[in-house]
Every structure is written in structure tokens, then in C-alpha cells.
Amino acid sequence: MFNLVEKRRWYFILSALIIIPGLAIMGYSWATTGAPFRLSIDFTGGSIYTITFVGEGVTEDGVRTVFEQNGDENPIIQRLGSEDETRWVLSNPTSESTDSDVVTGEILDDFAAAGLDGSLAVGYTDGIGYVLNFSSDAITEENVRSAFASLTGEGATLTETPITTYSIRAGFKETEAERQALEADLEVLAPIDRGSFSLETVSPTVGGEVTRAAALAILLGALVITGFIVIAFRQVPNAFRFGVCAITAMVHDILIMMGIMSLLGIILGWEVDALFLTAILTVVGFSVQDSIVVFDRIRENIPLRLGEPYETIVNRSLWETIHRSLATQLNAFFIMIALLLFGGETVQHFIFILFIGLLSGSYSSLFTAVPLLVSWEKGEIPYINQDGGEKYKEAMA
Amino acid sequence: MTTHIRWLIVIILLSVFSAWMIIPKEENIVLDFNNDDEPEFTFLGEQPLGLDLVGGLRVLLQTTVDPSTYSSEDLQETANNVSRRVNALGLAEATIQTQGIQRILVELPGETDRQRAIDTIQQTALLEFVDFTGMTLTDIQRLEGQRIITTAQIELGLTDPANSTAQRNPLTGQPFGTGLTGECLGAASAQYGQTSQIGGNEWFISFEVASECVSQFADFTGSMVGQPMALVLDGVVLSAPTVQSQLSTGGIITGQFTEDEIQQLALQLRSGALRIPLQVESAVEVGATLGQQFLEDTIRAGVLGAIVVFLFMLIYYRVPGISADIALFVFILLNLALFKLLPVTLTLPAITGFLISIGTAVDGNVLIFERIKEEIRAGKDLNSALNDGFDRAWQSIRDSNISTIIICGILFLFGQTPGASIVSGFAVTLAIGLILNLFTAVTVTRTFLYLIAAISRKQLTENQWLLGV
């Protein structure tokens with residue numbers, strides 16, 4: 001049996017190599033921006049627009065100017081999607097109805113009847129008509145024209161139009177009138193595809209409440225998990241030691257997630273939102289659960305193998321549970337990798353950071369919590385259980 | 001063995017019921033045991049989806065006046081007014097609820113015209129005293145609760161007489177005449193006492209008219225003594241009491257009212273007079289096509305991930321893997337059925353929570369199967385290995401699920417903050433998954449594993465490879 005615990009120094013060094021730079025990045029971020037991460041509008045208040053302009057000639061500067069004219073000092077603008085994206089636009093379709101919902105239904109029916117791959121989403125925009133959003137790239141001009149032949153008679157036009165999509169973070173507007181004025185000015189740049197429009201706006205008051213609730217959730221989480229560990233190990237000798245090691249592993253995971261999030265905030269502009277906190281707490285739950293499974297096994301093995309050195313028992317327990325840990329984590333990872341590769345965009349950041357957290361959680365249960373237990377027993381940690389090493393040697397002799 | 005057969009029947013029945021629940025149905029299933037038209041249970045035909053998936057609008061409104069100047073009932077009545085106006089827009093699936101003492105949350109799935117919606121929501125209620133001269137009791141009963149068109153609505157530009165489908169005066173074919181609007185109402189309260197020399201005590205409404213409207217009100221009531229006068233809120237007829245005599249500074253409204261009815265009417269009158277202005281605290285608008293794409297992407301990703309999990313369990317654990325896959329399948333059926341039964345509104349985070357619970361649902365199986373393998377390697381026979389595997393793994397499964405369920409509870413509480421509501425969906429689906437998992441990972445897996453073991457004991461004993469060893 002390969003001795004996993006023996007190499008414990010290396011594990012601690014590896015963890016430190018990730019955590020310490022992470023702390024440095026958070027410190028740097030704190031010094032430059034006033035917060036260890038980029039905080040989302042969930043906490044600070046503000047507005048996030050996602051706008052798809054249908055037509056040419058919209059530039060980042062143009063969008064910025066509109067926001068500045070409407071009183072937003074420093075909007076953060078990001079272009080989404082690729083350079084040459086297009087949408088098909090159907091104007092004045094030949095239909096008996098003028099009701100946009102009815103016509104949308106007809107368009108979807110025709111698309112279904114044509115039997116083309118993928119799916120179609122239709123958004124109606126005043127002034128330009130129906131913006132068609134095909135989910136498959138394999139659809140050609142010929143396909144489109146034949147599918148909607150019945151709707152494209154006299155006077156109707158079906159044109160492939162370039163689009164540009166921006167995500168804009170701006171301030172919170174007090175009134176609906178101000179929001180409307182801003183959107184009207186944006187419409188001047190080019191028509192907006194209302195089907196792909198999204199707006200999330202949060203007042204600073206609500207943001208402050210979320211911040212307080214988040215602090216409360218963290219506090220409550222810490223209390224409850226500590227309580228849970230105390231109960232789970234109440235009958236074990238040295239329960240305190242087990243608890244501290246499980247909590248250390250948990251803090252390890254949180255620090256890794258925070259460090260990576262801080263780094264991604266600086267590089268990619270990722271923001272910490274309510275879902276980030278959700279990821280942290282979920283990882284805490286899973287991490288503690290992993291540590292408990294290994295500790296359970298150690299607890300079970302100690303009376304069974306009285307003659308063996310502590311380190312050997314721990315190593316044996318680790319090996320006995322490693323299959324379970326890997327198999328379980330792998331299954332969760334399968335799902336998360338699929339979601340990361342193919343899932344909906346809005347939760348990608350959440351899933352990524354959850355993935356990092358669970359990865360760290362698997363690692364820390366096996367390579368932080370357990371080796372730490374051995375170090376503690378052998379008196380390797382400065383100031384703690386210093387006579388442990390002597391006792392250990394005596395026991396060995 | 002009979003226990004396992006019994007469980008098998010239970011599991012099959014549960015699965016069939018769940019599968020039937022999951023199939024989308026045109027109409028809701030309504031159970032009304034005592035036939036009072038107030039159903040005890042309503043099961044939704046379609047799985048409700050969140051705004052982020054179907055597109056639409058969510059607006060959190062806050063009152064701009066000091067909360068001590070109105071009661072929580074007044075806020076509720078303001079919310080009812082919002083609800084009434086929103087329904088008039090034809091948005092059937094709208095939900096409107098008060099939050100705390102200062103806030104109203106409005107959700108309008110499918111609504112994409114934010115301007116129209118917010119304008120409608122922010123309007124203050126229009127209360128009218130409307131001339132119902134000549135109406136018979138039957139007419140009034142027919143009109144109560146109906147939407148009518150009035151002269152004040154047309155003047156204020158709230159309705160377009162050419163296109164309105166609201167009821168007109170059946171006697172003249174014209175819009176009803178408004179005598180007085182809510183701005184003139186000073187106060188209104190429900191009271192209990194004697195209202196006439198001869199009658200006993202009864203519930204009635206006492207109201208006052210603002211001083212600048214006194215002469216207008218006197219003229220109006222003076223012309224209609226003995227005739228019904230309708231109280232109309234946002235175009236809907238609330239009640240039409242008869243004017244007993246000319247009124248000026250105020251009056252009372254009596255009738256065969258119960259206490260609840262009179263309290264309700266007083267609140268409605270007050271909401272037409274007392275204005276609680278609302279401002280938008282936070283808003284989410286999602287375009288309809290955006291959500292549809294996210295939903296399709298996420299479902300495809302989820303199916304793909306689940307298939308990999310199914311294959312992994314089968315390849316890694318072989319025969320026990322078959323029972324784990326069956327358990328996982330039952331787990332997915334039960335989850336989807338519960339989402340509809342409870343119901344849980346599925347948002348993207350909620351679906352993510354469910355998918356992650358699929359990934360971790362096999363954790364219990366893994367713990368059990370690893371135990372079984374160990375016991376077999378230690379030389380135990382098949383039956384005692386199975387028994388020990390399930391017995392010993394149970395405690396770990398229970399403890400590990402409980403810690404995450406507790407975390408879900410905390411997340412759910414966090415999600416109760418209006419700004420973080422997105423979190424509750426994740427917490428709810430993950431928690432449901434973990435709880436159902438305690439059943440499927442243990443009971444369902446055990447049932448099928450024992451049944452398979454009973455059928456193919458010989459092969460399994462001779463060839464331990466089949467057990468994943």
C-alpha cells in the first residue's frame with residue numbers, strides 16, 4: 001500500500017502555492033478597487049443591460065456616448081458573441097393577422113413544417129419586424145427562404161442582417177422615465193432585438209440588504225457546520241482535533257475559490273454575485289461531508305488495528321475511502337463539465353466556481369484534513385501537541 | 001424476499017404515477033372533495049418555468065411614503081389593485097405579493113413591454129362613485145364584479161371607448177356617468193353599530209368627503225335619491241347601494257354585509273383615496289428568445305451529463321451498477337414529478353441544482369458498492385456482503401446528506417431577500433434531490449440489487465468481476 005500520508009509536506013506546500021497568491025491577488029484588488037473581488041450589482045446596486053443591435057454601424061464608443069449622455073459616468077461595456085454574427089429579419093410578413101403573437105406562431109409553425117435542424121426563437125421589434133434566431137449554424141439562406149415562402153410574398157422582406165451584442169453595466173436609475181429615455185436613445189443607434197434584450201436593475205438599498213443577508217448566511221453557515229461536526233464526532237476521542245481538521249479543509253476550499261474568483265475578476269471581469277455565495281456554501285456542505293467519510297473510517301479502524309501506528313491506520317483508511325471519493329466526485333464532475341461546455345450562459349460562472357470548489361473539496365479532504373490529523377498526532381505543528389511526537393516515538397519503540 | 005417484492009411494487013407504482021405526472025397536460029388537475037368550487041388540490045398541467053427561461057418581467061416596488069402612515073392591510077389592498085390592473089392587461093399568470101411592510105413584488109411571465117407594464121403598475125387606483133339611476137336589482141347583481149366604462153375613465157385617458165370591451169350602461173348604451181372620484185374621499189372605515197332608529201346593530205361603512213368636494217357630492221347625491229350609486233374601483237363594480245337622502249360632507253353605506261365583506265369594502269375605498277405611491281427598487285427583464293435558448297442548452301447539457309453518469313456506474317460497478325442506474329432513473333422521475341406537484345418554479349439555477357443532485361445522487365450507491373466490494377474481497381459470501389454493505393454505509397450516507405441539506409436550508413433563507421431570490425430555486429431543488437436520494441440510493445438500489453442477486457446468484461458467486469471487484 002503506497003503511503004499517501006507520508007508526502008504530507010508536499011500537499012501542504014501545493015495548497016499554499018495556490019492560496020498565498022490568491023490572498024495576494026485579493027489584497028491587490030482590495031487596495032486598487034476597495035473590495036477583494038469585483039462585486040456584482042446584487043451587492044452594490046446598478047443595472048446590467050444585454051442588448052443586441054440589429055443592423056450595422058453600432059460601436060462601443062457609440063453605446064458609451066449614449067450612456068454618458070444619460071448620466072452614467074463610467075459604464076462598463078463588453079462585446080458579446082463573435083464579429084460576424086447575423087440574424088434573419090422578416091419585415092411585413094404576408095399574414096392575415098397583424099397581431100405579433102399570432103404571426104410569431106405562424107413563423108414557428110412554418111419552421112417546424114420545414115423540418116430543419118435545431119430550433120427557432122422569434123422576437124418582435126417595432127420598426128424592423130420579426131428577428132429570427134436559429135439555434136443551428138447549418139441553416140442556409142436557401143433553407144430559410146423556402147421555409148418561410150408562404151410568409152414572404154408581396155411587400156415582405158427577408159434579409160440577413162449583421163448584429164452586435166453588448167453587455168453594459170451602468171448605474172441604477174430612479175425612475176422608469178429615465179430608463180425609457182436611455183432605451184429610446186439606444187434605439188437611435190440601431191433597432192434593438194427585443195427578443196434578446198435583458199435588463200437587471202437593483203437599487204443600492206436592495207443591494208445593501210443582500211450584502212447583510214449574505215453576511216448573515218456566512219455566519220449561520222459557519223455556526224451550523226461547526227455544530228454539525230461537533231455532533232458527528234461527539235463520541236470519538238480527540239473530537240476537537242477532527243473538527244479542527246475538517247474546518248481547516250473547509251477554509252482551504254473557501255480560500256481557493258475566493259482567490260480564483262479574485263483573479264478572474266481582474267483578468268476577465270467576473271463578478272461576485274449571490275450565486276457565488278451559493279457556490280461557496282454548497283462546497284462547504286460537500287467538503288465537510290467528504291472529510292466526515294474519511295474520518296468515519298479512521299474512527300472505525302482505530303479499535304480494529306490497535307497495534308498499528310497511527311500513520312498506517314490513517315493511510316489505510318484513506319486508501320479504503322479513496323475509491324468512493326473519486327467515484328462520487330467524478331459523477332458530479334461529469335454533470336458539471338457537460339453544463340460548462342453546453343449549458344446556458346447565465347450560470348456558467350456559477351458552475352465553474354462550483355466546479356473549482358468541489359475539486360478543491362475532494363483534494364482537501366484527502367490531502368489536507370487527513371494529513372493534518374497525522375501531523376497533529378505526531379506533534380509536527382508548532383505549539384500544538386508538542387509532546388505528541390515523543391509519545392509517538394515511545395509507542396513505536 | 002417478500003419485503004423486496006413489496007418494495008418493488010411500491011417503487012413501480014410510484015414511478016408510473018410520477019411518469020404520468022410528468023407528461024404535460026392541457027389543463028390543471030383539480031381535486032375538489034366537497035364540491036364547493038374551492039379546490040383542495042390543484043396539480044399543474046405544465047411545469048412552471050421561471051422568468052429567466054420564458055422571458056418576462058419581475059419588478060420589486062417600494063412605497064415612497066413613510067410606512068407608519070398606512071397599515072399592512074392598506075399595502076395588501078394596493079397590491080390587490082396592482083393585481084386587478086395587471087389582469088386587465090390580459091396577463092393571466094401574473095403573481096403579485098407583498099413583502100414586508102414596504103414592498104410589493106410583481107412577476108409577469110411573458111410580458112415584454114416593460115414600459116406599459118410599469119406604467120400600469122405605478123398608476124394609483126381610480127375610485128369612482130357612479131350614477132346607476134334606473135338599474136334594477138337584477139342589473140346590479142349582473143354588473144357587480146364586472147368591468148364598466150365610465151366618463152371619468154375616458155376623461156383621464158385610461159380607456160379607449162371605441163375599443164373597450166367593458167360594459168356600457170344597458171339603458172342608454174353610453175358609458176356610465178361618474179359623479180365623484182376617489183380624490184374627493186376623505187376617509188372610510190368599517191364600523192359596527194346602530195344605523196337607524198328601528199334596526200339593531202350591524203356592520204356599515206362610514207366615509208367622509210373632502211371639503212373641496214362637498215358641494216359637488218351634494219349635487220350628485222341630491223339628483224339620485226332613491227337610486228343606486230355604484231362604487232367602482234379601477235373600472236370594476238364593487239357594490240351599488242341605494243342613496244337614501246342627499247349627502248354632503250359624508251355618509252354611511254349599509255346593506256346586508258358580513259364583517260369580512262365590510263372590512264374588504266372599506267379597504268378598497270381607502271385604497272382609492274389613500275395613495276401609496278410605488279417606485280421600482282429592482283427589475284429584471286428577460287427577452288423571450290434568450291430564455292428559450294438557455295433552456296434548450298441546459299437541457300441538452302443535463303441529458304448528456306446524466307448519460308455519462310449512467311454509463312460510468314454501469315461500467316465501473318457492473319451488476320450493482322444496473323441497480324444504481326435503475327435507482328437513478330427512479331430518482332429523476334420522482335424529482336420531476338415533485339417539481340410539478342409542489343410546484344417548484346424551475347429557473348436556471350434551480351435546474352442546475354437538480355442536475356448537480358443527479359451527479360451526487362449516486363454517492364450513496366458508491367458508498368454502498370465500495371463496502372460490498374470490500375466485504376467480498378474479505379471473503380464474505382454474497383448475501384452477508386450485501387447486508388453488511390447496506391447496513392454499514394447507511395450512517396455515512398445519512399450524515400453526509402444531512403450536512404448539505406442544512407446548507408440548503410441556509411441558502412433558502414438567504415434567497416428570501418428580494419435581491420437574492422435566484423438562490424432559493426437552487427437550494428430547493430438541491431434539497432429535494434438530497435432527500436429523495438436517501439430513499440432511492442438505499443431502498444430502490446437495495447430492492448433491485450437483491451432481486452438481481454436472487455435471480456443470478458450462481459453467476460455472481462462464480463464470477464466476482466460482475467460485482468465490480
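This is a predicted model: local features need pLDDT of at least 70, side-chain atom pairs count only at pLDDT 80 or more; totals for chains, interfaces and linings use all residues.
In secondary structure, chain A has 12 helices and 7 strands. Its radius of gyration is 29 Å, whereas the globule rule gives 21 Å for 397 residues, so chain A is more spread out than a compact globule. The box filled by its C-alpha atoms, taken along the principal axes, is roughly 100 × 50 × 30 Å. As for burial, 45% of the 397 residues of chain A count as buried. Contacts in chain A with a separation of 6 or more come, for 78% of them, from residues 24 or more positions apart.

One helix pair in chain A can be described in some detail. Helix H8 (residues 239–268) and helix H11 (residues 348–377) of chain A pack with their axes 8 Å apart, at an angle of about 145°. The crossing of H8(A) past H11(A) is right-handed. On the H8(A) side, the residues making the contact include Cys245(A), Ala249(A), His252(A), Ile256(A) and Ile260(A). H11(A) answers with a set that includes Ile353(A), Gly357(A), Gly361(A), Ser364(A), Thr368(A), Leu372(A) and Trp376(A). Sorted by class, this H8(A)–H11(A) contact has 13 nonpolar, 8 polar and 2 charged residues. Among the contributors from H8(A) are Arg241(A) and Asp253(A).

Turning to where the chains meet, the contact draws 65 residues from chain A and 61 residues from chain B. On the chain B side, at least two residues each are supplied by helix H4 (114–122), strand S13 (278–286), helix H9 (288–317), helix H11 (348–377), helix H12 (382–414) and helix H13 (422–455). H9(B) gives the largest share of that side, at 17 residues. By class, the side of chain B that touches chain A comprises 34 nonpolar, 18 polar and 9 charged residues.

In chain B, Leu342(B) and Pro343(B) are joined by a cis peptide bond, with omega at about -15°. Pro343(B) sits in the loop between helix H10 (319–341) and H11 of chain B, and H11 of chain B is also one of the elements that supply residues to the side touching chain A.

Two non-glycine residues with positive phi also turn up. Asn92(A) has phi near 45° and lies in the loop between strand S3 (86–91) and helix H4 (100–114) of chain A. With 14 other C-beta atoms within 10 Å, Asn92(A) is partly exposed. In chain B, Asp234(B) has phi near 50° and belongs to the loop between strand S10 (229–233) and strand S11 (236–239). Asp234(B) has 24 other C-beta atoms within 10 Å, so it counts as buried.

Definitions and conventions. Residues are numbered from 1 along each chain as its sequence is written. Chains are lettered from A and ligands numbered from 1 in the order in which they are written. Helices (H or I, at least four residues) and strands (E, at least two) are DSSP runs, numbered from the N terminus. The radius of gyration is taken over C-alpha atoms; the globule rule is 2.2 Å times the number of residues to the power 0.38. A residue is buried if 20 or more other C-beta atoms lie within 10 Å of its own, exposed if 12 or fewer, and partly exposed in between; C-beta atoms are placed from the backbone. Two residues are in contact if their C-beta atoms, placed from the backbone, lie within 7 Å. Axes are lines fitted to C-alpha atoms, for helices over the stretch in contact, and angles run from 0 to 180 degrees between N-to-C directions. A crossing is left-handed if the near helix is turned anticlockwise from the far one by less than a right angle, and right-handed if clockwise. Ala, Val, Leu, Ile, Met, Phe, Trp, Tyr, Cys and Pro count as nonpolar, Asp, Glu, Lys and Arg as charged, and the others, Gly among them, as polar.
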